[in-house]
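Good morning, and thank you for coming. I would like to take you through one protein model, beginning with a pocket and ending with the overall fold. Please look at the structure as I speak.

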Amino acid sequence: MLRRLLYTLVLSLLALEAGYAACERAEEHYRQAMAPGVAPAEQIRLLEGLLQHCDSFAAAYALGQTYAAQGNVPRSLAVLRQAVHSTTSNEEKAWAWHTMARLHETQRDPIEALLSYKTAWRLARLPDVARAMQALEHTMQGELVSAQQIVTTLRKGLASRSIGVVPAIDVRVRFAFDSAALKPQGEGQAHEIGLALTDPALRGQRFRL
């Protein structure tokens with residue numbers, strides 16, 4: 001029994017040593033990738049290779065930005081989520097979410113962008129995040145959010161709780177000034193909320209309004 005335990009411990013130490021060696025080699029790949037004048041395709045190749053052997057926030061964040069610059073938004077978002085997983089720093093996580101929010105804005109998805117900004121803001125009170133979030137909220141005033149948009153956003157939030165997302169969505173219901181009477185937009189929005197909360201995709205969930 002003791003011999004087996006010692007054997008397992010030796011294997012674990014060897015694996016740990018191999019992991020450290022892989023990360024040391026990965027640092028060289030990172031320096032090569034980030035050197036001035038490196039072509040985007042080569043940068044992507046080096047950073048992708050690095051991340052196969054070692055978790056690195058800096059590498060994943062840089063790779064996400066490179067993919068974004070090349071117009072590959074889906075891959076950029078996936079790598080930025082990987083970056084969130086690879087760090088314990090709330091500020092680094094916040095910057096990754098901030099970048100994801102900006103990408104969602106370029107894809108004309110303000111609801112997902114706002115959720116990403118709010119996730120970033122909960123992690124770290126970054127001034128850039130606050131300004132971007134306020135600007136987006138201002139542009140969204142008066143827009144009707146459909147039941148499908150509400151359901152989709154909440155389901156994405158539920159699926160992303162492991163990386164710090166609190167499932168939520170901002171929906172503005174308009175009332176007449178100094179009155180409990182709903183405006184036409186408010187009536188339409190309340191109807192969409194009702195449809196969303198009874199959607200089978202959210203069955204079993206509890207909501208706070």
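How do the residues of the lining of the largest pocket divide into nonpolar, polar and charged? Please bear in mind that this is a predicted model. The lining holds 14 nonpolar residues, 1 polar residue and 2 charged ones. The pocket itself has a volume of about 520 Å³. Of its 17 lining residues, those closest to the centre are L154, P167, A168, F207 and R208. Two elements each give two or more residues to this lining, namely α8, residues 147-159, and α9, residues 184-197. The element that gives the most is α8, with 3 residues.

Let us now turn to a single residue, T87. It is found in the loop between α4, residues 73-85, and α5, residues 90-106. Is T87 buried or exposed? T87 counts as buried because its relative accessibility is 9%, and the cut-off for buried is under 20%. A polar atom of the T87 side chain lies 3.0 Å from the backbone nitrogen of S89. If we leave aside its neighbours within four places in sequence, T87 is in contact with F57, E92 and K93.

How does the span of α5 agree with what 17 residues should give? At 1.5 Å a residue, α5 should span 24 Å, and its end C-alpha atoms are 25 Å apart, so the two values agree.

Which residues of α5 are buried? They are K93, A94, A96, W97, H98, T99, M100, A101, L103 and H104. As a general point, an α-helix has 3.6 residues a turn, so residues three or four places apart point the same way. Just after α5, R108 takes a positive phi of about 55°.

Finally, let us consider the whole protein. Of its 209 residues, 35% are buried. Among the contacts with a separation of 6 or more, 50% are accounted for by residues 24 or more positions apart.

To close, I would ask you to return to the pocket and find α8, which gives the most to its lining. Thank you for your attention.

Terms used: Residues numbered from 1 in each chain as written. Predicted model: local features only at pLDDT ≥ 70, side-chain atom pairs only at ≥ 80, totals over all residues. Heavy atoms only, no water. 1 Å grid on protein atoms, 1.4 Å probe; cavity = no way out; pocket = protein on both sides within 12 Å on 5 of 7 lines; lining within 4 Å. Points joined across faces, edges and corners; volume = space filled by probe spheres on them. Helix = DSSP H or I, 4+ residues; strand = E, 2+ residues; numbered from the N terminus. Nonpolar A, V, L, I, M, F, W, Y, C, P; charged D, E, K, R; others polar. Buried < 20%, exposed > 50% of the residue type's maximum accessible area, 1.4 Å probe, protein only. Polar contact = N/O pair within 3.5 Å; in protein donor to acceptor, adjacent residues only side chain to side chain. Contact = heavy atoms within 4.5 Å. Expected span 1.5 Å × (residues − 1).
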